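Me: I'd like a close look at one part of this model, the disulfide and its surroundings. Could you walk me through it in one go?

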Amino acid sequence: MKFNAYTLSPVAFNVKETKAYDKAERYEAKAGSRVLAFVANYHMNPSTAVIDPATAKVNVLSGDKEYENTRAAAEAGLSVASWNVEGGMLKVNLDVTNPEKIKSVKENEMVTVFATQVTLPGMALNKDQNLAERTITSDYATLYAESISDLKLAHRAGDDIPFLGVESPNKSVLGGLDKDHKHHQLLMQHAFEAAVSGKFGPQDSVNYNETLDLRKLVEVHYKNAKGVTRLMTADELEANGMKYKFEITALYLGSNETSESAHAAINPKDGYTFRPQMPEYDKAHVGKQQAYGAEQARPTIGRTPLVRVSLLDKDGKVLDYGYIRIKITEKKTPATVEPDKHVDYQGPDYNYSYNGECTDPATEWKYETKWIQTEYDLYHMLGITREEFEANYGTSPVKDLTNGNLQQYKLSDNGKTFEMMAEPIGQAYTRNETSPEDGTLTSILGWKLTAAEAKKLFVTEKKANVEIAVKYESKDKSKYPDVFVTFKTGKRTGTDSTPAGEVKLADNIISNYWYTANTSKPGTAEIHSNTLTPEDNPKGTADKMVTTFGDVFKGNKIGASLINVVKDLTEGKEYAAAKLKLSLVFDAANTGKEYMGIDGKTYVMSVSDDGKTLNAQIKGNQAKNPVATLTSPEDPSETMIAYQHNDYAHALLNYKDHNSLANDVVKAIIGIKAQNGCAKELPLTKNTFDVRFLRPLNAKNADKTIVDASYVEMQKIKAVDLLKFTDWRDAWNKNQAAGIGGEYEKYYGVTGVTIDGIAEGQSISLNPNVLTNLGQSDPTKFVPLGDVTKNIDFVYTAADGGTLTYKNLSATVQEFKIKIPVTVKYIWGYITENVTVTVKKTANNAKKF
């Protein structure tokens, strides 16, 4: 677990905290990490078995096992922290000393395994007439490590929470299996935010003559190894050795510096029971907090003590902290709203038709009652006069103090009572209207949605009959209930149509430039990008791989002739082909594609937000590198795609030669986009094609042959002579390619041939992948040269691009072969090849060197 350990100042009811009381700030934190204990659960047979902790021993066996066959002692350091028996289960709490040593198949080709062993007193005598111990060992299980981070204290939600509807501005969006878990966001982050700033009221309440279990108000959120925010359950919290710490901290409101927090205490025995109580009235007229258990009385009503909540680990480190302000209230008998004590109004339908126009036809939706509805539906329903109604309910429903609009409610699941809505929908309001009957003022109610809100509700979210309510709160609930007025929208009317088009690719390409997928055969699926040849670029090098897209389309033009508009119901034909602006991007279909690199790694592709960069990242690694880029000229015909120079791009490019294109070889999927005059996109089909990037250089085994013989000078082979070079055309000018320094080698940037692990002056047999059939009865069997003899070898020197000097320090030999893995470095990275040298039998009359 990765965490930030905060250093908090001590708190008291009458001492302001040293941080974040008068301004928004957090205490300092230091990054750290620790290992969370984990539990292994075992079913016991029989389930009623009893294990006596006084005589039984429980320990763990562990090991690091190679994925194939062998095992060594585990380096992770597993041990038993504690154990207990519950409900027919043996629960073993395990500690890991070195979690970084836990093995994985991917990283180590090993796994860490463990088994639990229980030793019990014997029931029979051994040969020494002693009770023999009995040992029971579980099956081995595989252990894997997962990291969590970003532990945050959040406010719980639920019917048992006395939440007052004041939301924290600090959000936490749960994911995975917890995505539907209800919660009230994170706790307030400091005393200034929770109370002193005045922006937010108390979050929770407790009646003056009751107590509150603070544990009900909080929960822990964290991020798992995939970056998904999850909920830590109470059982997980306990298993991880974490706990909450609740402390009352100072809060002063008003000019008289009244201590809000002196009006409550937390039970020191359990640390979580919050109790409103009277402060001490001392001679200095300064209210002091009393010990837990003091008198509970009505004068505490309305006070709002502040509680600091800390999340502690088993060592007492503070992993996160936050604040909850609690309002002391008086319990009142809730009004029961009978089904016939609310008034329902049905609003109109919403007419909206959209065909993709540049000007959105969205309009405001509104419904207002009339004065007669108020007089009849409200006054008559209750059997009271206007004066009596206003004396008990006032002239306005309950208002939202944050914005001056009417507070909105919704019908509870029980279908009888109402509850406050977390987020309002549109604006509910009231205004006075004069009655033509007698000239008196009557309040009318209204509910309206802006054009944007109406479109979102009716069109985007496709909702109908959405309902809200406003509340007239009764002053005398023993005589009159609270009265709710509900508003309901109609449904959306009108029809939509989506413009559509298709790309006529086959009709507009120069077919000679196009190929069938993964081949060099004619087709319409892909084009091939390559470097210039030495003949076309006599004074340059092959350091660029750039293609202009207009070159492969008829007339070298990417324009309106490409687009067939299938559907456009806009009045002014806003999507006519001639009005469209075309552009080329890396299509979203690139994202998630996986291709192989010459380094044996899998690369996952993604596209930048603007669609102009194709990126690659090694699977399981977050680091990205660009593989190809697109230019953004005004004329799409001039758009160029350029392959990039970096390790990721080189690895992908060199995976296969140009004759071996396949689905795991890197490519770019190009999308053609079309936008009208206001930049609204015309959805297109058949609008993608592929770009393949041809590896500039090939190097194949030249099957070099030498004769074992003893002459005045040792026999030498230039490393480049072990290979047959060709470029992406399968061409190579031999007259200009005489070893390193030849024109073609210079052009393609060939810097030499190396052998992995072999340094200047070393024998190539030091590389275990240098193989030979020397000494083998089966000439097709090859083994490491170093395992056969120390007398026959090649010595590598780097001069002239690499040279191999043959040596035989023993007797004459018959013909044999040596296979050598070589690496060719060039301007676009490197390629590898296995070459073969055939050593003919010792020449006649040869002497040992």
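This is a predicted model: local features need pLDDT of at least 70, side-chain atom pairs count only at pLDDT 80 or more; totals for chains, interfaces and linings use all residues.

Reply: Cysteine 678 comes out as partly exposed, with a relative accessible area of 31%. That label applies because the value falls between the 20% cut-off for buried and the 50% cut-off for exposed.

Now the bond itself. The count for the model is one disulfide, and here the sulfur atoms of cysteine 358 and cysteine 678 sit 2.0 Å from each other. As for geometry, the angle about the S-S bond is -90°, and the link of cysteine 358 and cysteine 678 is left-handed.

Where do the two ends sit? Cysteine 358 is in the loop between β27 (350-351) and β28 (365-368), while cysteine 678 belongs to the loop between β47 (667-675) and β48 (684-685). The two cysteines are 320 residues apart in sequence, so the pair ties together parts of the protein that are separated by that stretch. In general terms, a disulfide is a covalent bond between the sulfur atoms of two cysteines.

So, in short: cysteine 358 and cysteine 678 are joined by a disulfide, its handedness is left, and it links two loops.

Notes. Residues are numbered from 1 along each chain as its sequence is written. Side-chain values use heavy atoms; hydrogens and water are left out. A disulfide is a pair of cysteine sulfur atoms within 2.5 Å. Helices (H or I, at least four residues) and strands (E, at least two) are DSSP runs, numbered from the N terminus. Buried means under 20% relative accessible area, exposed over 50%, partly exposed in between (1.4 Å probe, protein chains only).
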